Amino acid sequence: MSSRAAAASILQAVLQHGRSLSAVLPEYQQQLSPADRAWVQAVCFDVLRELPRYEWLIKQLVDKPLKSKVRIIHYLLMVGLSQLRTLNTPEHAALSETVNATSRLRQKGLKGLVNAVLRNYLRQREALETQLAQQVPLAHCFPRWLRDRIETAWPEQSQAIFTASQQRPPLWLRVNAQAFTTEEYLALLAEQGIEAHAHAQRPYALMLEQPLDVRTLPHFETGAVSVQDISAQWAGYYLQAEPGMLVLDACAAPGGKSALLLEQTPGIELHALELEERRIPRMHENFARLNLQVKVMQGDAAQPEPWWPGQLYDRILLDAPCSATGILRRQPDIRWHRRETDIASLVTLQQDILRAQWQLLKPGGILVYATCSILPEENEAQIQQFLATTPDAQRSEPLAQTGLQILPGTEQSSHGDGFYYAALTKRDIK
Ligand SMILES: C[S@@+](CC[C@H](N)C(=O)[O-])C[C@H]1O[C@@H](n2cnc3c(N)ncnc32)[C@H](O)[C@@H]1O
């Protein structure tokens, strides 16, 4: 399959058939060369991020909407336009390869149309792009309900959030504290000519200047480093686990935060729970690469009876299932799949999990509630509600006043994802 035809098929699967990009992309990428894999990903990310802009352009350039039987060509046109608008593909290659993909997709009869639309775009490019910027501003690249919620919650930061949510994230690494100091690992990177810099407050966090294939990093296979966004790297700091403690990671797959906890506080006993069976093998792979001992359990954090071994935990990390509105830049299809009604269901699910987990916490213990959401109802409002109805719960240092909401695109985020942390401690009120 050609890369253009693959990209069009992926977009159709995601946008017309409602499949998730993270499931569909690897299925097609398997059939492509490494260079084509990266190319297809770049096109799909671009189109999904700016979908309303591509829809608008096609509306201007195609007389009649394409019938459902030939809908694949609608997506192929987006692939063609993305090459001309964003990917800087030479024009002749973008045109001829996209037109050729029409036959690969068994729509030879529409070659002329694809050719005409792309040429038309090139002829009117400047005027179209000027009009486009007015007709479909940045905020319109997000569904109406989500845009409204973000603008209402964060009137001053919303533009920065929208801008950051359209950008490619930088690559953050977590140096394995059991293997190297950050300085030692920076020196290894420098030997290979890889530029990176350390975070001022998270001692094992490094940001690479240029993205690269992480498998080529020094000692990656033997667990020297892991990929982890900087916002996720605060989890251990707020949990404050100490050697000898029994710790639960209640929503653990793929195990990034579990690994951080064990690397940075060796000597804890860690239980990692995950609901979805299919996500568990990845956890085992990650822990094996890092040579970490974790008791992995499958079960529902909201229903502890079947899986809970019976001891109360000193620390619980609850990295709850959420709207993922803080990581729109990593999952550009989420905004088109989510419905506004999902938010209320997620808030209820989070509340159920939080209440069940609270019962498993020792008096004096700390529970850290985290999400990669930027919606207050999943975060600060959720915690306020919990505190108002849970007499033995109170906020814990260093988040004693309020939770920490990290917003993408703001200085405080260090180019990291949108994230939220609250730290709660259980008072002994007997
Ligand atoms: C935000 S992700 C966790 C990421 C993980 N902590 C890390 O840092 O690698 C949330 C996880 O919770 C799982 N999950 C969702 N509902 C759950 C439940 N009721 N009980 C346990 N796990 C659940 C999801 O399948 C998903 O793997």
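Here is a chat about the domains, a helix pair and the ligand site of a predicted model.

Trainee: How is the chain divided?
Mentor: This predicted model has domain 1 (3-136), domain 2 (172-227) and domain 3 (230-426).

Trainee: OK, what separates the centres of domain 1 and domain 3?
Mentor: Taken over C-alpha atoms, those centres are 38 Å apart. In the contact, domain 1 puts in ten residues and domain 3 puts in five residues.

Trainee: Which elements are on the domain 1 side of that?
Mentor: Helix H1 (3-15), H2 and H3 each give two or more residues to the side that touches domain 3.

Trainee: Let's look at H2 and H3. At what angle do they pack?
Mentor: Helix H2 (residues 21-29) meets helix H3 (residues 34-49) at about 150°, and their axes are 10 Å apart. Angles over 145 degrees count as roughly antiparallel, so H2 and H3 are roughly antiparallel to each other.

Trainee: And which residues make the contact?
Mentor: From H2, Leu 21, Leu 25, Tyr 28 and Gln 29; from H3, Arg 37, Val 40, Gln 41, Cys 44 and Leu 48. That makes six nonpolar, two polar and one charged residues.

Trainee: New topic: how many residues surround the ligand?
Mentor: There are 19, and the closest are Cys 251, Gly 256, Leu 275, Ala 301 and Asp 319. Helix H12 (256-264) and strand S6 (269-274) each supply at least two residues of that shell.

Key:
Residues are numbered from 1 along each chain as its sequence is written. This is a predicted model: local features need pLDDT of at least 70, side-chain atom pairs count only at pLDDT 80 or more; totals for chains, interfaces and linings use all residues. A residue is near a molecule or strand if its C-beta atom, placed from the backbone, lies within 6 Å of it. Helices (H or I, at least four residues) and strands (E, at least two) are DSSP runs, numbered from the N terminus. Axes are lines fitted to C-alpha atoms, for helices over the stretch in contact, and angles run from 0 to 180 degrees between N-to-C directions. Angles under 35 degrees count as roughly parallel, over 145 as roughly antiparallel, 65 to 115 as roughly perpendicular and the rest as oblique. Two residues are in contact if their C-beta atoms, placed from the backbone, lie within 7 Å. Ala, Val, Leu, Ile, Met, Phe, Trp, Tyr, Cys and Pro count as nonpolar, Asp, Glu, Lys and Arg as charged, and the others, Gly among them, as polar. Domain bounds come from an automatic or database domain assignment.
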